[in-house]
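Subject: Structure for your review

Dear colleague,

Please find the structure below, together with its sequence. My notes on it follow, and I would be grateful if you would read them alongside the coordinates.

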Amino acid sequence: MIWNAFAIAVREIARNLTRAFLTVLGVFIGVAAIITMVTLGQGATLAVKAQISNLGSNLMLLRPGSGFGFRPASGGVPNFSEQDAELIGEQIAGVAAIAPVRSAALSTIYRDTARTTPVIGTTAVYFDINKWVLAEGRLFTAADLRSGGAVCVIGETVHRELFEGASPIGAKIRIGKASCEVIGLLKSKGSAGMGDQDDTIIVPLSTLQRRLVGKASSHDITQIVISGKEGMDGEAVIADITLLMRQRRNLQSNQDSNFSVFDTRQIAEALGSTTQLMTTLLAAVAGVSLLVGGIGIMNIMLVSVTERTREIGIRLAIGALGSEVLLQFLVEAVTLSCIGGVLGILLALGLCAGLAQLIHVPFNFNVQINVIAFLFSAAVGILFGYAPARRAARLNPIDALRHE
Amino acid sequence: MSAPLPAALIDVRGLTKTFGVGDGAFQALKGIDLTINRGEFVAIIGPSGSGKSTLMNVLGCLDVATTGTYAYQGIAVESLTNDGRSLLRRFALGFIFQGFNLLARTSALDNVELPLLYRGLPRKERRTKALAALTSVGLPTKLGSTPGELSGGQQQRVAIARAIVTEPSTLFADEPTGNLDSVTTRDVMALLTRLNGDRGITVLVVTHNDEVAACARRTVLIRDGLIESDVRRA
């Protein structure tokens, strides 16, 4: 009997291809949309998490000005000096390493390609603190730092845009006012959520101060990067640094600090909540698509109720049992919903793989969301395919035949 | 059981059928007593709203009576379940409707095969029998045509083929020629007469067309839910 119902159901599907197509389409869109959105949302979350861990653990940033944001110090707020960095290293317990940073956006030219690149002048310890790994070449040495050697280490984005994939080691690029030899290429850290970290050129601090930018306030540094010792109390260290810097800046107790200290945990929290919001938003959009898909399925099923009720009447009149008719409708609904669901999953996989590349997030296959999306859409398809049939199969054949 | 088959194929006593409840209730059949024997050709006639179609639907097990008894070949139909009536229709009854009631977008051959599918016949046997039935109604060439591609007369022939393919003992026809022109009407009635004569199929026709009623050897006139006259021709 099951085989018979299956044979009849397959015939019915073949006979009503438009209806079958629309049903499949509803399930297909719903499944594809929700899987794609949730998968990409989770990929983005993962990417942000990975980047935060790339920033380095126990990392603290000291910046001029108040408030959290990646913006240059504005006028009137004093920058730091190298002495500030030295003092923090000497006087604050719990500090493992400290790197003064001077940053500037400078024009960068190699042959006939020019672009503006964020350039960082710092010391060699900066690479450790920020967990940069060399892909090629070498980092700069203490000698480079002392002499302000015309050398630089470049990020992957700069490599890609200026060198189009060719090895950059040994090449000379013009940065700001001077020409520097590329001695090292850094491994990519990725970009999602944090801006493109690979869009960077790192030079010895003295090189940036003496060669690349103008003379004015040339010994200022714009940021101090600090890594804490394993197991240090981040809040205590931040409090100590704050106190020290307030003293050095002669701030009175009624004045606000004109600098700020963050640790990566705070940054992680800020980014984490943003990503969370984004994922929730995507899930909401996906939920709407699923709903729309569900309504599509419902419509096409309900529109055909009249025709199908008459069909049920005919089948009953020529001797079909109610249960046989129901089984046929169930098989039809399940078959169409499953075809739509499988196609939807396939499309979602393709979309996710493609889009993940495009927006630089990892492609993370989530079994759970695939199963949920499939089951929900299939349930809608089956429910609305089966429920009207259930009602019709209970009628007297003559009432089903006369259904208007 | 080796009890002899009762002489009466259809035997109803005190049959009533009420539609609706309360003030809106309408009694379509008000107590019908009727016996039909194997091999008869009966026309049920009467004005519109007299209850003739309702009687036919109850006799054909497409509808259930409100009160009264109905024995088909000795089987107490009023005590059957929905499935029981389905099986009775599957194995003993055939139907022809005014509106043909063929499955849309389904070829003539598939429509005729449908009852055999529910009987669980293998594909080859289904095909052979459906072809034979379509040939016997004079439509051996339109096998692949869907109802939309056939004329009314052709559709009704397909419907007749579908009704007789299971070799039913009784054929119920509700205004079978209601949607057909007079020439086609004569063809269809000739076909029913032949099925009755050659194969011994009992035929019940509901009609208000005198020409159709004239084909029958017995005419039952229904008026206001009661049998007014029951005339047998020699």
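I begin with strand β6 of chain B, which spans residues 93-96 and is covered on both of its faces. B:Leu93 and B:Phe95 lie on one side, B:Gly94 and B:Ile96 lie on the other, and all four are buried. Its partner is strand β7 of chain B (residues 170-174), and the two pair in the parallel sense through four bridges. One position can be followed across this pairing: B:Gly94 has B:Leu171 of β7(B) as its bridge partner.

Please bear in mind that this is a predicted model. For the complex, the predictor reports an ipTM of 0.93 and a pTM of 0.70. Chain B has an average pLDDT of 91, with 97% of its residues scoring at least 70. For chain A the mean pLDDT is 83, and 93% of the residues reach 70 or more. One stretch of chain A calls for caution: over residues 69-73 the pLDDT stays under 50, and the model has six contacts for this stretch beyond four places in sequence.

Chain B also contains an open sheet of four strands, in the order β2-β1-β4-β5, with antiparallel pairing. Its edges are formed by β2 (26-37) and β5 (75-76), each of which pairs on one side only. Within this sheet, strand β1(B), residues 8-19, is joined to β2(B) in the antiparallel sense by nine bridges. In that pairing, B:Leu15 has B:Ile32 of β2(B) as its bridge partner.

Turning to chain A, there are 13 helices and twelve strands. Of the 404 residues in this chain, 42% are buried. Of the contacts in chain A between residues at least 6 apart in sequence, 83% join residues at least 24 apart.

Helix α3 of chain A (residues 82-91) may be of interest. Its buried residues are A:Asp84, A:Ala85 and A:Ile88. Viewed down the axis of α3(A), these buried residues fall within an arc of 100°, and they therefore line one face of the helix. In general, an α-helix has 3.6 residues a turn, so residues three or four places apart point the same way. The face of α3(A) turned away from the buried side carries the exposed residues A:Gln83, A:Glu86, A:Glu90 and A:Gln91. On the buried side, the packing partners in chain A are β2 (80-81), β3 (95-110), β10 (220-221), β11 (223-228) and α8 (234-248).

Helix α11(A) has 37 residues and reaches 53 Å from its first C-alpha to its last, close to the 54 Å expected at 1.5 Å a residue. After this helix comes A:His360, which has a positive phi, near 55°.

Finally, I come to the interface. Here 19 residues of chain A are in contact with 22 residues of chain B. On the chain A side, α1 (2-15), α10 (305-317), α11 (322-358) and α13 (397-401) each supply at least two residues. Of the elements on this side, α10(A) gives the most, with five residues. By class, the side of chain A that touches chain B consists of ten nonpolar, five polar and four charged residues.

Yours sincerely,

A colleague

Methods: Residues numbered from 1 in each chain as written. Chains lettered and ligands numbered in written order. Predicted model: local features only at pLDDT ≥ 70, side-chain atom pairs only at ≥ 80, totals over all residues. Pairing = 2+ DSSP bridges. Buried ≥ 20, exposed ≤ 12 C-beta atoms within 10 Å, placed from the backbone. Contact = placed C-beta atoms within 7 Å. Nonpolar A, V, L, I, M, F, W, Y, C, P; charged D, E, K, R; others polar. Arc of directions from axis to C-beta. pLDDT = per-residue confidence, 0-100. Expected span 1.5 Å × (residues − 1).
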